[in-house]
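My notes follow in the order in which I looked.

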Amino acid sequence: MNNAKKALIMARNYAELGRWKEALDALAPALASEETAHDALCLRAVCLLNGDSVFPQRRALETVESALGLDPYSAQAHCLRAHILLWLGRTGAALRAATEAARLDPDGVPTLTMLSRCQIKACRADDAWRTAQAAVEADPHDPAAYLALAQAARARRDSQEAERAYRAGLRLDPHHEDLVLGLADLLYVDRRQWEAAEAYLAAARINPRSGTLPKALGEVWLLLRTSREGWQRNPRPMDAPQVERIGELLAASSPRIEAAVRELLAATVEVRIEVDEALEQALSILGTLAKSVGAHLFDHPAPGALMPAFDHPMPEPIRLEKDWHILGMKADPLPGASYHVNLAAAGLRYDAERTAEYGEQFGTAATTGTDLLLEDGDGRNFHEILRVVHARTTRLDAAYRACADALSAFSGRLEAAQDQVGAALRWAKDAVSQLEYTQEKEAWEEERHQAIDAANDAVAWYEEAEDRCVQAVREALRQLRAG
């Protein structure tokens with residue numbers, strides 16, 4: 001092997017390491033040899049573009065045109081020329097150069113992907129899509145072809161196809177920086193911020209010098225901060241007037257259930273306080289690290305809207321004076337209204353849904369960037385804290401749902417019992433009215449007693465349902481505290 005070829009190989013090795021100046025210096029013998037001059041000129045253009053030279057695009061373009069002077073049928077040189085012209089903003093000239101490169105090398109992934117890029121820039125997205133598909137068909141194992149396909153799909157505003165292309169390329173090369181960054185940007189635009197943050201972190205791990213780490217940590221911090229702000233409003237804190245109404249709604253139907261629910265809600269406050277404190281710790285750890293690497297943190301996320309569950313006016317139950325003494329009762333044995341109980345259940349179910357929503361976000365944060373050491377000086381670990389937060393919000397969700405389910409079941413039984421008591425009251429009144437006009441008083445008195453028995457059965461149903469509801473709420477409280 002002569003000195004010119006050795007010099008070209010050495011320069012390529014330097015270029016692969018990103019040592020552009022050393023690559024340029026090593027090229028001198030290869031540039032002087034007619035045998036290697038073309039390839040050396042092409043490599044010199046690449047080094048000029050990536051190095052610290054003055055006016056790199058202009059000098060690189062002159063170098064490539066010199067290479068084309070030596071070999072006007074070089075697809076590599078035409079492809080490089082298209083790249084430089086695209087960089088200089090000469091889209092039409094770049095498209096012509098890329099078209100020529102693809103004509104000379106119709107099955108080459110580099111020439112096809114460059115043509116696709118130029119077609120995107122020239123507002124020919126459909127052509128770019130077809131060209132990128134041809135690149136994939138030419139070599140289905142080249143990640144660069146899938147990058148071109150993803151970029152063409154995005155130009156066509158087809159985010160699903162773009163994501164599929166990015167992920168297909170990453171299956172071939174999980175460490176392809178442009179694929180990872182492209183996927184991250186796509187996910188971010190699609191408002192899938194947690195997935196985007198994980199992708200940005202992956203890009204930062206691939207190339208720590210890319211400046212992606214500050215952006216990624218800043219994004220994760222803002223997402224967690226925004227989630228925490230939302231969590232502090234939804235589900236509602238115990239001092240919210242809507243929560244106090246849960247007790248008011250239940251009091252008329254069952255003071256025992258009201259007391260059990262209030263005890264459960266008091267326990268949820270304790271868990272919420274623990275979650276708030278843990279989130280503050282996690283944000284402090286992440287914020288300190290993010291600032292240390294130059295991330296800009298936005299201290300005031302946009303406020304989210306509080307969605308109260310009890311802002312719908314409900315009619316008060318109609319209270320009629322009834323002759324309860326006919327059933328041997330001093331007053332209505334089943335006061336209250338089932339729809340009030342259902343409204344309280346709906347409020348708790350709303351809190352469960354919001355808790356699950358934010359709990360899922362905290363759980364996602366706990367699995368984002370787990371291979372990064374996020375720990376403060378006292379040994380508090382960011383991901384471990386968020387795993388605890390996720391576990392606690394899961395417990396809260398289960399407690400809210402169990403309580404809501406218990407109230408819904410009780411409401412159904414209460415409504416059925418009230419219907420039967422009402423029917424028994426009408427039955428007894430009919431029997432009493434007959435006693436004034438008939439000689440068969442014993443028979444009608446028996447009817448009245450049967451109505452009384454039916455009313456008492458309904459009250460027994462209610463009491464059994466009340467017991468089951470109280471037990472279910474207390475079991476939810478036990479599970480909450482046991483966790």
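I began with the largest pocket of this predicted model, for which I noted a volume of about 1,100 Å³. I then listed its lining, which comes to 29 residues, and wrote down Val46, Asn50, His83, Met114 and Arg117 as those that lie nearest the centre. The elements that contribute two or more residues to this lining are helix H1 (3-16), helix H4 (37-50), helix H6 (75-87), helix H8 (109-121) and H10. Sorting the lining by residue class, I found 16 nonpolar, seven polar and six charged residues.

Next I turned to helix H12, which runs over residues 177-189 and whose 13 residues reach 18 Å from the first C-alpha to the last, close to the 18 Å expected. I recorded Leu179, Val180, Gly182, Leu183, Ala184, Leu186 and Leu187 as buried in H12, and I looked up what the buried residues of this helix pack against, namely helix H10 (143-155), helix H11 (159-172) and helix H13 (193-206). After H12 comes arginine 191, with a positive phi near 65 degrees.

Last, I took the totals for the chain, which has 19 helices and zero strands. Of its 483 residues, 46% are buried, and the accessible surface comes to about 24,700 Å², with 51% of it belonging to carbon and sulfur atoms. Among the contacts with a separation of 6 or more, I noted that 67% join residues 24 or more positions apart.

Note on methods:
Residues are numbered from 1 along each chain as its sequence is written. This is a predicted model: local features need pLDDT of at least 70, side-chain atom pairs count only at pLDDT 80 or more; totals for chains, interfaces and linings use all residues. Side-chain values use heavy atoms; hydrogens and water are left out. Helices (H or I, at least four residues) and strands (E, at least two) are DSSP runs, numbered from the N terminus. The expected span of a helix is 1.5 Å times one less than its number of residues. Buried means under 20% relative accessible area, exposed over 50%, partly exposed in between (1.4 Å probe, protein chains only). Contact means heavy atoms within 4.5 Å. On a 1 Å grid over the protein atoms alone, a cavity is a set of points where a 1.4 Å probe fits but cannot get out, and a pocket is an open set with protein on both sides within 12 Å along at least five of seven lines; lining residues have an atom within 4 Å of a point. Grid points are joined across faces, edges and corners, and a volume is the space filled by probe spheres set on the points. Ala, Val, Leu, Ile, Met, Phe, Trp, Tyr, Cys and Pro count as nonpolar, Asp, Glu, Lys and Arg as charged, and the others, Gly among them, as polar. Accessible areas come from the Shrake-Rupley method with a 1.4 Å probe; for residues, only the protein chains shown count as cover.
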